[in-house]
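Hello,

Here is the structure I promised to pass on to you. Have a look at it first, and then read my notes below.

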Amino acid sequence: MNCLLYARVSADYPNRPAVLDNLELAMGRGEIVGLVGESGSGKSTLAMTLLRLLESKGGQARGELLFQGRNLLELSGREMRAVRGREIGLVLQSPLSALNPAMRIGRQILESWRAHREGSPDVGQLLEMVNLPGEVSFLERYPRQLSVGQAQRVLIAMAIVHRPALLLADEPTSALDVVTQAEILSLFSSLNRQMGMAVLYISHDLLSVASFCHRIAILQHGRIVESGATEEIFVHPRHAYTQALLRAIPKPPSFPTDCHPDLTACPPCVAFPTANQAVTNGGHRAIESLVCASRT
Amino acid sequence: MRSVAAPLLLLLLMASFRYGGSYATQHRDSIDAPPCWRFPLGTDDLGRDRLVRLFDATRISLLFAGAAAMGATLLAAFAGGVAGYAGGWFDQFVVRAIDLLLSLPSLFLLLATRAMMPLNASPVFSLVVTYALMSVLGWLTPARVIRASVRSSRQSEYVLQARAEGCPEGRILLRHILPNLRPILLAQFWTSIPVFILTEASLGFLGLSAGEPFPTWGSLLHELQNPLLARPEAFAPIVAIALFVSYFKTITPWKGSQA
């Protein structure tokens, strides 16, 4: 595997020591890794640590953070600023809070571009990539005039404007309805294929992670307790916490417990919001089959 | 009220430009004349047309109060914005400086500074100094409000997003945070204008505003040193002040704001 990122870090906040406790994580180029853990396990702290933005929240990180051959923790402030956005992009959880309420959409995209380059990006092509209209009337809108799904796509467009090698997606679908969630996950998959961009997808939702991630890492109390290929995690979970997570996946009340491989061709529905996703992603087994396998 | 008052006051201002005469012209044949067709508000004890002086005073007071409010708001935006964003020792320094300056008796400072000015200072210079002092003393409270807003914005998700995009800190303050302060800055601006108008009126009543013959609302009030002996038409500046100050107090720029 061509290594893109290798992190072995610990992180503390003033009143919360060891939020990340010697956490070890590696990612290859173009790989989609899902990071799963409960609230407070350190998922978002890891995203902030990778961008070295922990200090702005009063935290401190130490250890080793090798990204494309450089230790990010040793870079100067100016060098690190050049990495943010251009080499590592970030998509936050709540798009309507992450977009500047006083700035029009077009201006926000331009600001992301101007952080590192002069001139203007090809906004039309960029918005097409995230399935948004590129019309002037859309670019003239303020964030409050967008739906949550549109706002999340704008945020993704801003994050990929410089075609970063790594995209950090910090629970980007938790504020979305199931249909939009499926669309956004499909978008991440297609961006990964088109641009060869690695994605660290942070979530507490094991199902959505399984729907499109190549690999899953389970985070508990600031440590990666288990990591492996998606199928392996679902079929042969080794750690007790992983097993507990799998058991906690809600079971549709009207659905029998046996597997339905024929359903993999079905469109997304309430019972299987990501079922179709697994098919379009290719190379993965249908989610419901994996869930069933983990329960047998 | 605002929809009625705004065109009315605008009409009054425009009429003032059409009304001829100079504020300093003395009509020696009509000293202290009562209202008549020629002088609708009569003349003062130097034979000057009260209406001409009131119109000129309205324009001058509004212009200077607006400029002083702009100055105070910009000072507040700069000091409060930089302190709130930078944090640390600079923030603490600005906060302590504001606390110290706010604890000084501002009216005493205004009176003392004006009283120290030479008697032969030009009327315009004395007015500029008066309003500049108001500006310098008027930014303190708005700066506290702006600092608190910037500190809150600094922790917001959209600023975190801008940082994650690699945006430089100065650009974050100017391009991302400042536009979000627009409603607060506008509110500070519009609320400062009536405060400055009333302060100048108080100073003028005490004879510490613009020197003669320059008319301001305050200097026109000086004629009312003994209100019991004053003619009723001499109270016209008070009506003008009350009208405009009430109007400014109805302006709420945060309603329907983009941000």
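α2(B) passes α3(B) in a left-handed crossing. Handedness here follows a simple rule: a crossing is left-handed if the near helix is turned anticlockwise from the far one by less than a right angle, and right-handed if clockwise. Axes are lines fitted to C-alpha atoms, for helices over the stretch in contact, and angles run from 0 to 180 degrees between N-to-C directions.

Residues are in contact if their C-beta atoms, placed from the backbone, lie within 7 Å. By class, the residues where α2(B) meets α3(B) are six nonpolar, two polar and one charged. For these classes, Ala, Val, Leu, Ile, Met, Phe, Trp, Tyr, Cys and Pro count as nonpolar, Asp, Glu, Lys and Arg as charged, and the others, Gly among them, as polar.

Before going further, please keep in mind that this is a predicted model: local features need pLDDT of at least 70 and side-chain atom pairs count only at pLDDT 80 or more, while totals for chains, interfaces and linings use all residues. Residues are numbered from 1 along each chain as its sequence is written, and chains are lettered from A and ligands numbered from 1 in the order in which they are written.

What else does α2(B) pack against? One partner is helix α9 (residues 182-205) of chain B, at an angle of about 135° and with the axes 8 Å apart. That makes α2(B) and α9(B) oblique too, and their crossing is right-handed. Among the residues that meet here are B:Ala65, B:Ala69 and B:Ala76 in α2(B) and B:Phe189, B:Ile193 and B:Phe196 in α9(B). The contact of α2(B) with α9(B) divides into twelve nonpolar, five polar and one charged residue.

Another partner of α2 (residues 50-86) in chain B is helix α11 (residues 236-250), with an angle of about 25° and axes 10 Å apart. This makes α2(B) roughly parallel to α11(B). The crossing of α2(B) and α11(B) is right-handed. Here B:Arg50, B:Leu54, B:Ala57 and B:Thr58 in α2(B) meet B:Ala236, B:Pro237 and B:Ala240 in α11(B). The residues of that contact are five nonpolar, one polar and one charged.

Stepping back to chain B as a whole, there are eleven helices and zero strands. Its C-alpha trace spans about 75 × 40 × 25 Å along the principal axes. Of its 259 residues, 36% count as buried; a residue is buried if 20 or more other C-beta atoms lie within 10 Å of its own, exposed if 12 or fewer, and partly exposed in between, with C-beta atoms placed from the backbone.

Chain A has 13 helices and ten strands, and buried residues make up 47% of its 296 residues. In its strand β1 (residues 3-13) you will find A:Asp12, which is partly exposed because 19 other C-beta atoms lie within 10 Å. Residues that A:Asp12 touches include A:Pro17 and A:Gly59, leaving aside residues up to four places away in sequence.

How do the chains touch? The contact takes 24 residues from chain A and 17 residues from chain B. On the chain B side, α7 (157-164) and α8 (169-177) each supply at least two residues, and α7(B) gives the largest share, six residues. By class, that side of chain B has seven nonpolar, five polar and five charged residues.

Finally, the largest nonpolar core has 133 residues, and those with the most contacts inside it are A:Leu155, A:Ala157, A:Leu200 and A:Tyr201. Such a core is a set of buried Ala, Val, Leu, Ile, Met, Phe, Trp, Tyr and Cys residues joined through C-beta atoms within 7 Å. α2(B) gives the most to this core, with 15 residues.

Conventions:
Helices (H or I, at least four residues) and strands (E, at least two) are DSSP runs, numbered from the N terminus. Two residues are in contact if their C-beta atoms, placed from the backbone, lie within 7 Å. Angles under 35 degrees count as roughly parallel, over 145 as roughly antiparallel, 65 to 115 as roughly perpendicular and the rest as oblique.
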